[in-house]
Amino acid sequence: NINKQIFSLKPGCEEARLLDFERKALINSLFCLNDVAKAKVGCEVMLQTLQEVNKLVIFGYHRSILNALEEKLKSKNVTYFRIDGRPPLEARQRGVERFQDPSKDCRVALLSLGAANSGLTLTAASHMLFVSLHWVPAELLQAEDRCYRIGQTSSVHVRYLIAQDTVDERMWSKINGKVETTTSILNGSSATFEAEETTFEREEEEEEEELFPAVEAVEQATE
């Protein structure tokens, strides 16, 4: 157990620093692989949601899972725009304007948690899907605010995709712990991410062959 090894060593020593670096690298690898594993069900949840709503804002952390979702959108001829840090500022703004314009057929905003969680107004949508988590609660709250901006006239529905028995459950617990601690220090009361747990029931594997290319694209992107 790396944590036990770290605590048994003298704080600040070289061996402790190396073990801590190894621990963080391992966690980051699990975080990345977790998105790979969630790509298939993420595509299914996205398509299911699009059957119920007109516009959808999707946030993911790793480019790999964004690639998988993008390939599925293309295969279904669903109009979208994507921001992941690569498009120039002008292209980002054009995408937002298309999404916000009711006369334009742009149904999905596919966004990176690192590159698009602030400074955007996406009030044309009232539904959000987070296919990835983030260790910092403020990053998630900022991302949620993209739909909670001035001009929003509907209730906003936010859905987090959390896989059972994976690093997701540990991250979700840590996130809520940080929120509870912060709010307790600031105003003397504790709070957490208010969420209603639902289970996604997968349909029969009718599109098995179609879904595999998305997963393969994710795996190739992480090599």
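Reader: Which strands does helix 4 lie across, and at what angle does it run to strand 2?

Author: Helix 4 (residues 89-100) lies across strand 1 (56-60), strand 2 and strand 3. The criterion is contact, meaning heavy atoms within 4.5 Å. Helix 4 runs at about 145° to strand 2, where axes are lines fitted to C-alpha atoms, for helices over the stretch in contact, and angles run from 0 to 180 degrees between N-to-C directions. Helices (H or I, at least four residues) and strands (E, at least two) are DSSP runs, numbered from the N terminus. The model is predicted, so local features need pLDDT of at least 70 and side-chain atom pairs count only at pLDDT 80 or more, while totals for chains, interfaces and linings use all residues. Residues are numbered from 1 along each chain as its sequence is written, and side-chain values use heavy atoms, with hydrogens and water left out.

Reader: Which strands does helix 5 lie across?

Author: Helix 5 (residues 137-144) lies across strand 1, strand 4 (127-130) and strand 5, and its angle to strand 4 is about 150°.

Reader: In what order do the five strands form the open sheet?

Author: The order is 2-3-1-4-5, and the pairing is parallel. Strand 2 (80-83) and strand 5 (157-160) are called edge strands, as each pairs on one side only. From one strand to the next, the twist averages 15°.

Reader: Which residues touch the most other members of the largest nonpolar core?

Author: A nonpolar core is a set of buried Ala, Val, Leu, Ile, Met, Phe, Trp, Tyr and Cys residues joined through side-chain atoms within 4.5 Å. The largest has 27 residues, of which Val57, Phe59, Phe81, Phe99, Leu111, Leu122 and Phe130 touch the most other members. Strand 1, strand 2, helix 4, strand 3, strand 4, helix 5 and helix 6 (167-187) each give two or more residues to this core. Helix 6 supplies the largest share, four residues. A second, separate core has 22 residues, including Ala39, Val41, Leu66 and Leu161.

Reader: Why do Cys43 and Cys106 count as buried?

Author: Cys43 has 0% relative accessibility, so it falls under the limit for buried residues. The value for Cys106 is also 0%, and therefore Cys106 counts as buried. A disulfide is a pair of cysteine sulfur atoms within 2.5 Å, and the search of the whole structure finds zero of them.

Reader: Why is the contact between Asp168 and Lys38 called a salt bridge?

Author: The term requires a side-chain nitrogen of Lys or Arg within 4 Å of a carboxyl oxygen of Asp or Glu. The closest N and O atoms of Asp168 and Lys38 are 2.7 Å apart, so the pair qualifies. Asp168 lies in helix 6 and Lys38 in helix 2 (residues 14-50), so the bridge ties together parts that are 130 residues apart in sequence. Asp168, at 0% relative accessible area, is buried, and Lys38, at 3%, is buried as well.

Reader: What joins Arg63, Glu70, Arg82, Asp84 and Arg86 into one network?

Author: Glu70 and Arg82 meet in a salt bridge at 2.6 Å, N to O. This pair links helix 3 (residues 63-75), which holds Glu70, to strand 2, which holds Arg82, 12 residues apart. Asp84 and Arg82 meet in another, at 2.9 Å. Glu70 at 15% relative accessibility, Arg82 at 12% and Asp84 at 10% count as buried. Salt bridges that share partners join the five residues into one network.

Key:
Two strands pair if DSSP finds at least two bridges between them. Buried means under 20% relative accessible area, exposed over 50%, partly exposed in between (1.4 Å probe, protein chains only).
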